[in-house]
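Let's explore a protein model together, one question at a time. Have the sequence and the 3D view ready.

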Amino acid sequence: RALICDVLGDFDVIAICEINDTEILPALEAILDARGHRWESVTSAKVGNSPASAEHYGVLYRDDWLDVAWTRQLPEVTTEAGIPFDREPFAVGIKTDDGGFDFALVVVHVTWGKSAAPRIAEVKALAGYYGEVAAIDADVVLAGDLNRDAHDERSVRWLARELGVIGTTDSAIPTSITGDSTYDHIMLPPSLYAGAHGVVRFDDTMFGGDDARARTALSDHRPVYRVHRSAGE
């Protein structure tokens, strides 16, 4: 857990998928608090169409200058492929303590499977989810594992065009510690994009490229990040 916090501590708001219980985020909070800042978290209900696919979503945030204004578990929908959305997204409204800025963070983990069609259909269904949250807060950041590469014209790039948002994942930089997949994404309006983003290659910097150790200690996915800018800046 301390190694996980070595990575998380560099950020202010962190969206996490594939959480198995409701105890891990408070445990990470305690470690991060001991390092000098106040942290809080929210964990969603467990969602998924089967015991094998069900998981919690979570958001960790710096409580010394941020607050959660609201949370919402988004409803299950049926995709255009006629399949129920596997793990419906979780939305969290975040605001600064001074009330000067707020935005909505939507966390999602798109379904997996050998067939691409259900995954593409879920990514496209995110347009409706995005619009539902945008009705609450116009500044929406969509983050998570979309299980489709950044260059995919049928899903990820289609979604960016449909919503008029920027996808910050570089198709040349893998977001997994093995292979070349770029499944992890942060998508946001141009008004919130400060022009800086990246991938944390902890497997190289902390484990010298030892993928087995990196996967066991942290994850098989690399965190993606973007630098925040308030609307209107």
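This is a predicted model: local features need pLDDT of at least 70, side-chain atom pairs count only at pLDDT 80 or more; totals for chains, interfaces and linings use all residues.

Q: Which strands stand at the edges of the open sheet, each with a single partner strand?
A: Six strands form this open sheet with mixed pairing, and their order is β4-β5-β6-β7-β9-β8. A strand with a single partner has one side left without a neighbour in the sheet. The strands at the edges are β4 (66–73) and β8 (166–167).

Q: What is the bridge partner of Ala143 in β9?
A: Look for strand β7 (residues 140–145) and strand β9 (residues 184–188), which pair in the antiparallel sense over four bridges. In β9, the partner of Ala143 is Ile186.

Q: What angle does the direction of helix α3 make with that of β7?
A: Helix α3 (residues 116–134) packs on the sheet, where it touches β4, β5 (90–96), β6 (102–109) and β7. Comparing the direction of α3 with that of β7 gives an angle of about 145°.

Q: Is Ile166 buried, partly exposed or exposed?
A: Ile166 lies in strand β8, and it touches Ile186, Met187, Leu188, Pro190 and Tyr193, leaving aside residues up to four places away in sequence. Its relative accessible area is 25%. Buried means under 20% and exposed means over 50%, with partly exposed in between. Therefore Ile166 is partly exposed.

Terms used
Residues are numbered from 1 along each chain as its sequence is written. Side-chain values use heavy atoms; hydrogens and water are left out. Two strands pair if DSSP finds at least two bridges between them. Helices (H or I, at least four residues) and strands (E, at least two) are DSSP runs, numbered from the N terminus. Contact means heavy atoms within 4.5 Å. Axes are lines fitted to C-alpha atoms, for helices over the stretch in contact, and angles run from 0 to 180 degrees between N-to-C directions. Buried means under 20% relative accessible area, exposed over 50%, partly exposed in between (1.4 Å probe, protein chains only).
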